[in-house]
Amino acid sequence: MDASNVRTVEQVVDTDRYPLLEPDSDAWKAVVSRTRQELETIGCSILPQFIRPAQRETLRREGMDIAPRAHYEVETVNAYNIAVDSSLPENHPGRIPIQRGNAFVARDQIPPDSIIHQLYTSEPFQSFVAECFELPRLHELADPLSGLCLNVVTQGMEHPWHFDTNEFTVSMLTQESQAGGVFEYCPNIRSAQAENFDDVRDVLLGKGERMIRRLALQPGDLQLFKGRYSLHRVTTVQGETARHSAIFAYSERAGVIGSVARTQQLFGRVLPEHRAAEGRAVRVDELLD
């Protein structure tokens with residue numbers, strides 16, 4: 001094991017609660033078991049106070065320093081991130097327009113010595129997350145922009161209802177908004193075999209309260225989430241303090257790079273790597289998005 005990885009975990013992660021360096025210990029197995037059970041039953045697991053208290057202000061400050069680098073553009077989208085003028089049937093939830101006003105700082109603008117970057121590349125962290133998702137291993141995205149990013153939601157903006165492209169998501173709140181900015185999700189509202197458009201439409205039209213769960217996240221909490229099948233959003237941020245969260249993007253396959261269209265949408269630019277990889281993506285299902 002690389003010595004720098006060990007130092008990163010010991011210094012940053014509360015290893016008394018989350019013994020990432022002791023994968024054979026009963027405590028490690030207990031955390032993994034609980035996380036797996038929550039992912040199976042409710043599609044999400046929160047590991048509270050994952051970051052040591054002494055490091056949380058550094059975590060927040062590092063996010064504040066890079067937040068001005070975020071690509072920001074308000075645009076009309078839908079929950080499936082497909083063209084809003086798509087030829088869809090009447091009453092299809094994809095015909096419901098929503099405004100996306102959140103912003104992203106790309107990986108190539110995040111300092112390598114920052115907490116979130118060191119954690120993202122940490123082998124013990126990756127091994128732990130893989131075990132929680134019951135995967136043999138994880139790969140960092142080969143995408144130079146979306147592998148790791150900071151999501152920034154400012155006053156009056158929200159990250160609207162959507163599904164993730166990947167089956168699983170790893171994220172961490174680094175700064176709490178003054179008000180609003182609540183993470184809401186609908187566990188397993190669809191599956192790889194069924195879109196369940198009626199339920200999705202109800203949520204988008206404000207009629208799906210029965211399906212919505214809300215999470216009280218705190219800075220430094222680690223969130224493991226099955227976002228491919230769970231519709232989710234961050235509600236409108238209120239007050240002058242923006243909501244910041246790190247998104248650690250991994251894949252079961254090596255060499256994954258985002259599409260040109262999606263990359264342009266999120267970061268306002270594409271790189272030669274994206275153009276070279278266009279058309280080589282392998283889908284895990286036949287869902288709309």
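**Figure 1. Helix 7 and its buried residues.** In helix 7 (residues 260–267), the buried residues are Val260, Thr263, Gln265, Leu266 and Phe267. Here, buried means under 20% relative accessible area, exposed over 50%, and partly exposed in between (1.4 Å probe, protein chains only). Helices (H or I, at least four residues) and strands (E, at least two) are DSSP runs, numbered from the N terminus. Please keep in mind that this is a predicted model, where local features need pLDDT of at least 70, side-chain atom pairs count only at pLDDT 80 or more, and totals for chains, interfaces and linings use all residues. Residues are numbered from 1 along each chain as its sequence is written, and side-chain values use heavy atoms, with hydrogens and water left out.

**Figure 2. The neighbours of helix 7.** What do the buried residues of helix 7 pack against? Their partners are strand 2 (71–72), strand 3 (75–77), strand 4 (98–100), strand 5 (103–105), strand 7 (148–153) and helix 8 (272–277). A contact means heavy atoms within 4.5 Å.

**Figure 3. Gln126 in helix 5.** Look for Gln126 in helix 5, which covers residues 123–132. Is Gln126 buried or exposed? Its relative accessibility is 11%, so Gln126 counts as buried. Leaving aside residues up to four places away in sequence, Gln126 touches Tyr120, Thr121, Leu138, Glu140 and Tyr250.

Figure 4. Cys149 is in no disulfide either, as its nearest cysteine sulfur, in Cys44, is 17 Å away. Cys44 is buried, with a relative accessible area of 3%, and Cys149 is buried too, at 5%.

**Figure 5. Stepping back to the whole chain.** The chain contains 8 helices and 17 strands, and 51% of its 289 residues are buried. Its C-alpha atoms fill a box of roughly 55 × 40 × 40 Å, taken along the principal axes. Among contacts between residues at least 6 apart in sequence, 82% join residues at least 24 apart.

Terms used. A disulfide is a pair of cysteine sulfur atoms within 2.5 Å.
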